[in-house]
Structure formats: C-alpha cells, structure tokens
Amino acid sequence: MSTKPLPKLSKTPTRIGSQALLEKIGLGTPAALALHLPMRYEDETQLWTIAEAMAQSGEGAVQTQGVVIRSQVLYRPRRQLVVTIEDDHSELNLRWLNFYPSQQKQMAVGAHLRVRGEIRDGYLGAEMVHPTVRAVPANAPLPKSLSPVYSVSAGISQAAIRKAVLGALDHPSMQMVLAEILPPSILVSAEKAAMQFSLRDAVMYLHQPPADADTNALMERTHPAWRRVQLEELLAQQISLKQAHEIRKGRASPPSILTDQPARSLSPVKTKSLTHQLHEALPFELTAAQNKVWAQISNDLQASYPMNRLLQGDVGSGKTIVAALASAQMVERSYQVAIMAPTEILAEQHYLKFKEWFEPLGVSVIWLAGGMKAKEKKQAQDLIESGQAQIVVGTHALIQDAVHFAALGLAVIDEQHRFGVRQRLEISQRIGSVTYYCHQLMMSATPIPRTLAMTYYADLDVSVIDELPPGRQPITTKLVKDGRRQEVITGLEQWLQKGLQAYWVCPLIEESEALQLQTAVDSHAELSSVLGNYPVGLIHGRLKAEEKVAIMANFKSGKTKVLVSTTVIEVGVDVPNAALMVIEHAERFGYAQIHQLRGRVGRGSAESTCILMYSEPLSLAAKERLQTLREVSDGFVIAERDLALRGPGELLGAKQSGEAMLRFVDLQRDAWLIKIAQDLADRLLIQHPDLVQAHLGRWVGSRTEFLKA
Ligand code: ADP
Ligand code: MG
C-alpha cells in the first residue's frame, strides 16, 4: 500500500487505450467503476512553504512547491535521481530510486513543481522520497475537498481513472446500477451508524467528498458513508462463507471403501491398525492437546463430507505427528496422502520424519520437489500415478500438472499461510477427484483467535494445540546491545566447546542503504575467522533449493557448528542440538518473526538461550516488543500483543481467502460489523433468497472463488 506507482508525468494514455486497460482489470462498466471506491484520499487542500513543510518532518505527507534548481543522477550508493527545488527561502531535495527519462525531462531545471510526500531526514538531509509531483504554475488553484486516490494497474494514471469514475457516476444507468437491493425490513435491523446513507448516496459521497466532510473519518474509513458500503460488502462475504459451507457439506468425502483401488492392489497394507502401530512406535506420549485435536481430525476423516481444517499450534507444539496420524488413518483405508510444505528445507524435514515413522510399518514414502532431476521426477510421478507411493512429501511441485494421484485421500499443507491465496486456490482445485473431494488439513504456527480465523479464512474448522510437550527446556531470552558483539562471540565459542550448536541470524543479505544492516555474508566471514576450529555454514534465500538442503543437512548432522542465516530458517526447522540463537538487529523484526525464529532452539535437552542483539536508538515500539519477547514465551500471548498492534492481516503474513474478498472492510477495525453482517446474512438467506444472487453479484462477483482457497 505504501509503495504506490510513480505518477505519470508525461504520456496520459489515449482514451481508447485506457478503456481497453480498464476492461482488462475488470473496470470496463459503469457499475464496476462506481464501486471502485477510493483506496485512500490525499489532502491536497493545503499548501505549505518549504520551510513550513520541513517543520513537519516525519509527521506525514505535506504539500509544498518550488522551482527546480538542480537535477542530478547520482550513482552512490545506487543509481538515483535527486531533484532540488527551492522557493523564496528554502531548498528541498526530492529523490527517486527508480525513474524514467520522461520524469527527468518533466523535472528539468526551471520547471515549477507542486510536490506532496512525507519529509524525512534522509541520506541527503531533509528530503522527500518518491513524492507525488505535478508540474503546475505556482498559482494553480487548490482542490476544495479531499482528492480520491484509486488503486490502478500499470499504464493507467490517476487522472485517467478519476475521469473514468466521474464519467460512470454521470452515466444514465447509475440510478439503476446503485439501486437498493436490500429491502427496508432487512436494513432497519442493521446498526444505525451504517445506515445513514443510501447506497447510492454513500458511493457518490465517497468518490467526491464535499468540502466540509469529516476528513479523518473518510481517511480512516469510519465515516457513515464507508460504514454503509462496508456492511454491504461484509454481508456478501458472510453469505458466501455460509454458502461455501453448505457446498462442502454436500460434497462426498473419500468413501471408506475404495471400489477401484490401485493403491491397495499394488501395495497392500498388511494391517488394519496402522494408526495404532504408529502410535505405539512413538518414543513419546501425545500431549492431552495433541490427543484432543487428533480426535477431532480422526472424526472429520470419517465424515461423509470432506474435512477442511486448520490445525494451529505454537512452534514446537507437535503438529507434525498429528498430521502423521491422520496420514496413517487414510493410508490404512488404501488412500494416498500428500504432505506439502512451502520450502524444500521444510519439506525435506517432513520427508525424513515420515520415512522414519512409516517405513518400518511397511508404508512407502516418496519425495517430490521442483529441484529434482527430470528423470527422478518422472519416476516419482509414475509411483504416484500407479498408487505405489502411499505418502508423498514435497513442495508445491506436488500439485503440478504432471502429477496425477491414483487415490488421493488427504492433503496436508504445512505453514499454509506461507502459500498465497492464489496458490491455495490452485491447491484445492487440483486435489478434488471425479467422484469425491479429498480431505484437507492445514497447519499453521501463527495462532490467531478462533472467531477471527473463521472469518478470515474460507469455510474452515479450527483446531488448536494449546500446550507444549513436557520436558521442554525453557528458552532464556537476553537483550544485548550490539556494542557488546565481541562478548557475544566469545560466549558463542564457549557454547561450542560444550559440543552444542548455534544459529546466527542476520536480517538482510545485501547492504541496504537505509538500514545499514550487518550482512549475513560479513557475519559469516567474521565468525569463520574468529571461530577457526568450528566450521560455520551460511544459508540465505539466494541459494538454490538443493544447496539449501545440503547446508541444512550439514548443520543437522553436526558437520557445521554454527549456521549463519537470513530468515530462511524461520519456520519448522528442527535441530535439537542447536541450543543458542543470536539474532542481529533484533529491533528490525516483528513479534511473530522472532518468536518463530526463537522456536528453533529449546528443542533438545540442553538449556537454550536466545540473544537478541539490538542497536540504539530504539523506538518505543521496538523497546516494548523486545521486552515482551524477553519476558513472554507463550506464542498465543505474543500473537495477541501483535494482533493489537498490527491487526490480523499482517500477522498472517499473506492475505487470507476470506479477507481477499473484502475490499473496503478491515476485519480488525470493523470487527463490530461482523456480528451484524452475520445476522443479516441469516435473515436474507431465509427471508429473501431471491435477492441473494443480486447482492453477491454486486459485491463479490468473481471473488467468491477465493472461498475455495
Ligand atoms: P511444530 O508444531 O512446530 O511443527 P513439530 O511437530 O516439529 O512441531 O514437533 C517439535 C518436536 O517435538 C519434534 O522433535 C517432535 O518429535 C517433538 N514432539 C512432538 N510431540 C511430542 C510429545 N507429545 N512429546 C515429546 N515430544 C514431542
Ligand atoms: Mg512444523
């Protein structure tokens, strides 16, 4: 949201061109344009002198103007355009990290520019980075009300889309297009706040706010006009969720007896109680929480409609074994199981675990990932197609075109929030079969409150593992200023002398001019030379998948003692002998990231320590975050703090399916509307089923497909 496209200063697309472009992004009709409400507003009603603007440095966007006195392309630290403007008293630098020749031309020396952006103390002193720029004379009139800013795609300028929207609002069909669908009897029950505007008035108001409009309420989307639109949209989302649930209940799950069973005929399961055997072979007892969720899942797997369940549990809570038990139950019934993880490192670990658990029981476990040689891949695909492969572990490659399961009964998707909505949609579309839909189990270590989860995701049941296995060594978390780096390294050496291993986590791999972060490469070189006797590995996102897997294997086997990494080890990695973790520039990480990283230690019998190195000065938020992380180890408590701070959308990392349907609602900010919308949805479905499709068509259109994700 913060990186908006650069303003087009030169060519505005021709009418024909922009109409075609609008059609391409689904805005070809007056109806679509009318509901394409502003993404945000800009306050261009005020103009400040450069000096006044600079006095508001760091306080949000301001508008000022001046004449270009310098325009330079600099090459350090990287190629960038710096344009300096001046008014009667002061100068201001404007900076672009990427730019087009046309922009340079527009902002040539002597041009008069009106610019809008936030002033910050930057690399070159007070400056605006990527401001919005208009080349207009100094006396060009200011708008009287807020200016809407629309989301656009490449090639369409704000000016073009504003014009198109205004044209649509004037269109003779608008009366009809924005006519009320919801009958008054339904509307009266809605909260008054959302009902001060008719739909049509609300839409008009939002596109063209009057001069006296409540600016804050509009910007923050709490204005009654927004409320009206939000309620409509949320209502459509809730109806879709309910419909999706009905549809799932109407679908057939994998039948308990397969009539046409390649899996059984080619690779017979010798015993009926595979699940039981797996249970017995485990070197530990399941926790009460694991038993509870296992019972829920086992129950689902026997239902007549397909399971769609999210298994949440803090890092290290033991989700994998629950997935294994579910797999056993399906293999026992002659079905195949697919286990999918977002990265090869994670998938590989699952593969090793599943092999260890299942091969002694006579179940075949195979590996399939993008990085395999063509021949191996073909072999794996053949085994899957013939049904000989009973459990298949891998990455997204598992659901690619060339993979045809003989009898897939269950798909397990680990760290599912790391797959995008589109990818998950693809997953669920690919795992249905002709005669039945396979069960789906998703797993996530990001605990979010259940009610929120159920509104966020599509039609989904939620299970939670809310306790850790016994005997876990608590992790001691320490905060250390980066000035004490040498002491930390000395401490690390003592740690290694005890035969233990350590992670060393660096935030970025390349120098970032803004943050000046220590690079992983530098840290690796430094640690390698200081810790001469102990091999140090380096892993980061730029490596090929098989390189990463090899590096992880070396660390797991103890060949390397220290693993310097970027955040690629964030999820799932399990090396019990690694009991120390040092995180550099911990102040740059969010709650969830540190919590997940830290979950990599404390997995063995040794007492574990996590050292959060930070550099001063700390912002208040960072200070509070680090202190919380030092004191609190419960992932749910941390998630709650995070939730309060950032809202669930960000917490989940990726847009979730239920949310992807919502354009104007923010489930955190507008949480109070959810209950109202749920009640309205129930009433509309019962009392006015005839209106449901019209309402859905208006608000969600093709976005209902996200519900299947
Ligand atoms: P996560 O939920 O983060 O995916 P894992 O499934 O990787 O956690 O489990 C973390 C570790 O705890 C693994 O080494 C696993 O074998 C172990 N474990 C799981 N359940 C139990 C249990 N009930 N008792 C003891 N150890 C367990
Ligand atoms: Mg896991």
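I count two strands as paired if DSSP finds at least two bridges between them. Helices (H or I, at least four residues) and strands (E, at least two) are DSSP runs, numbered from the N terminus. With that settled, I looked up β13 (residues 408-413) and β14 (residues 439-444): 4 bridges join them, and they run parallel. Leu410 stands opposite His439 in β14.

**Ground rules**

I am reading a predicted model, where local features need pLDDT of at least 70 and side-chain atom pairs count only at pLDDT 80 or more, while totals for chains, interfaces and linings use all residues. Residues are numbered from 1 along each chain as its sequence is written, chains are lettered from A and ligands numbered from 1 in the order in which they are written, and side-chain values use heavy atoms, with hydrogens and water left out.

**The sheet of 7 strands**

I traced the sheet that holds β13 and β14. It is open, its pairing is parallel, and the order is β11-β12-β10-β13-β14-β9-β15. At the edges I found β11 (365-368) and β15 (461-465), each pairing on one side only. Neighbouring strands are turned by 20° against each other on average, direction ignored.

Next I checked β9. Is this strand buried or exposed? I take buried as under 20% relative accessible area, exposed as over 50%, and partly exposed as in between (1.4 Å probe, protein chains only). In β9, 6 of the 6 residues are buried, so the strand is largely enclosed by the rest of the structure. Asn308, Leu310 and Gln312 point one way from β9, and Arg309, Leu311 and Gly313 point the other way.

I then looked at the partners of β9. It runs parallel to β14, joined by 5 bridges, and Leu311 stands opposite Met443 there. Another 5 bridges join β9 to β15, also in parallel. Here Arg309 stands opposite Asp461.

Which helix lies across β9, β13, β14 and β15? I found α13 (residues 288-301), running at about 155° to β15. Axes are lines fitted to C-alpha atoms, for helices over the stretch in contact, and angles run from 0 to 180 degrees between N-to-C directions. Contact means heavy atoms within 4.5 Å.

**The sheet of 6 strands**

I moved to the other open sheet. Its order is β16-β21-β20-β17-β19-β18, with parallel pairing. β16 (475-481) and β18 (536-539) stand at the edges with a single partner strand each, so one side of each has no neighbour in the sheet. From one strand to the next, the twist averages 20°.

I zoomed in on β18. It pairs with β19 (residues 562-565) in the parallel sense over 4 bridges. Val536 stands opposite Val562 in β19.

α19 (residues 485-497) lies across β16, β17, β19, β20 and β21, at about 155° to β17. α20 (residues 520-530) lies across β17, β18 and β19, at about 175° to β18.

**Nonpolar cores**

I define a nonpolar core as a set of buried Ala, Val, Leu, Ile, Met, Phe, Trp, Tyr and Cys residues joined through side-chain atoms within 4.5 Å. The largest has 64 residues, and Ile297, Phe354, Phe358, Ile391, Leu410 and Leu441 have the most contacts inside it. Helix α14 (residues 319-332) gives the largest share, 9 residues. Apart from this core lies another, of 54 residues, including Ala34, Tyr150, Phe664 and Ile676.

I listed what Leu410 touches, leaving aside its neighbours within four places in sequence. Among its contacts are Leu301, Met307, Ala326, Met330, Val337, Cys438 and Leu441.

**Helix pairs**

I looked up α15 (residues 344-358) and α21 (residues 545-556). Their axes come within 9 Å and cross at roughly 50°. Glu344, Ile345, Glu348 and Gln349 in α15 meet Ala545, Lys548, Val549, Met552 and Lys556 in α21.

I ended on Lys353, which sits in α15. It is partly exposed, with a relative accessible area of 29%. Lys353 and Thr320 are 33 residues apart in sequence and 8.7 Å apart in space, C-alpha to C-alpha.
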